[in-house]
Amino acid sequence: MAQMSFGVLGALQVRRDGAALPVGPPRQRSLLALLLARAGEATTLHEVVDVLWSESPPLSAVNLVRRYVGELRRLLEPGLPTLAAGRWLLGQAGTYRLAIPDDHLDLVLFRRLRAEARDHCRQGEYRQGAERYVQGLLLWRGPAAADVPSEVRCHPVFGALDRERLATAKDAADAALRAGCGELVVDELYRIADYHPLDEALQAKLMTALTAAGNRAEAVAVYAGVRGRLREDLGIGPGPELRAALRAATAPAATAPAAAPAATAPAAAPAAAGAGAAVTVVREHGRGARQALWHRSVST
């Protein structure tokens, strides 16, 4: 029997025995992305139409959905008769769902690792928790359903998945900092921070992790970059979390805290000239060593 695997944490992926399958035209791809995002839960025909066409569905929308369902069934099960239901994509009482074993879908694996991480942290095992969080975050290849049409991807079902990733990254940072191993999460925080450049809490956690790992210059460069984007895009300055993270990064090494304290007053920032380029160079230079460190940590 062929081995199937599915991915929605990034560009849509469907593989049979390791080989990628062509999923079809944009709305057929969007239907599959929606069903994968539901992770085995039933989705009503009404919601499918809403996600695929928003407020302007064609008169033929229901027939088109049924056609897409038929095409996806035959894609997943070659040779399936035209009117047969198959065993992967099930339809019942005006709903559709994908009956995928849990270990065949990256979203389910991510949530499982996140749950394990939380269990470790509740038991005070913060390093193990941080490792599980990072393992889950590594399953992400970009924003959820990254290659479906933009008008479909803006639907709340996909935004909710992206928020899960963001929240998990923050939890991973907290766990790593409590365990004194901020280095474990730096690469993933960098990667996710690229998609959330104005999220001050996330950027502050990245700075704090860099400081805890001894990369103070990188932390200051991150601050300078975020400060510039906040001013350019929103017309505001850095908030308390970012200012506290900057103070930790520029404090004397012997007294710098492992985590950013609460702050009430602004701090002067170092000059930002060339900061963006500098942090990019440092990030790329250190990436291989960081990945090697992480792999060593999870193998012991």
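**Figure 1. Contacts of F158 in the predicted model.** Leaving aside neighbours within four places in sequence, F158 is in contact (heavy atoms within 4.5 Å) with A33, L34, A37, V51, A144, A145, V152 and R153. This is a predicted model, in which local features need pLDDT of at least 70 and side-chain atom pairs count only at pLDDT 80 or more, while totals for chains, interfaces and linings use all residues. Residues are numbered from 1 along each chain as its sequence is written, and side-chain values use heavy atoms, with hydrogens and water left out.

**Figure 2. The largest nonpolar core.** A nonpolar core is a set of buried Ala, Val, Leu, Ile, Met, Phe, Trp, Tyr and Cys residues joined through side-chain atoms within 4.5 Å. Buried means under 20% relative accessible area, exposed over 50%, and partly exposed in between (1.4 Å probe, protein chains only). The largest such core has 83 residues, of which F6, L36 and F158 touch the most other members. Helix 7 (residues 156-179) gives the most to this core, with nine residues. Helices (H or I, at least four residues) and strands (E, at least two) are DSSP runs, numbered from the N terminus.

Figure 3. Three strands form an open sheet in the order 4-6-5, with antiparallel pairing; two strands pair if DSSP finds at least two bridges between them. Strand 4 (43-44) and strand 5 (89-92) are the edge strands, each pairing on one side only. Strand 5 and strand 6 (residues 95-98) pair over four bridges, and G91 stands opposite Y96 in strand 6. Helix 1 (residues 26-37) lies across strand 4, strand 5 and strand 6, at about 75° to strand 6. Axes are lines fitted to C-alpha atoms, for helices over the stretch in contact, and angles run from 0 to 180 degrees between N-to-C directions.

Figure 4. A salt bridge is a side-chain nitrogen of Lys or Arg within 4 Å of a carboxyl oxygen of Asp or Glu. K170 forms one with D199, the closest N and O atoms being 3.3 Å apart. Because K170 lies in helix 7 and D199 in the loop between helix 8 (186-193) and helix 9, the pair ties together parts that are 29 residues apart in sequence. D174 forms a salt bridge with K205, with the closest N and O atoms 2.7 Å apart. D174 lies in helix 7 and K205 in helix 9, so this pair ties together parts that are 31 residues apart in sequence.
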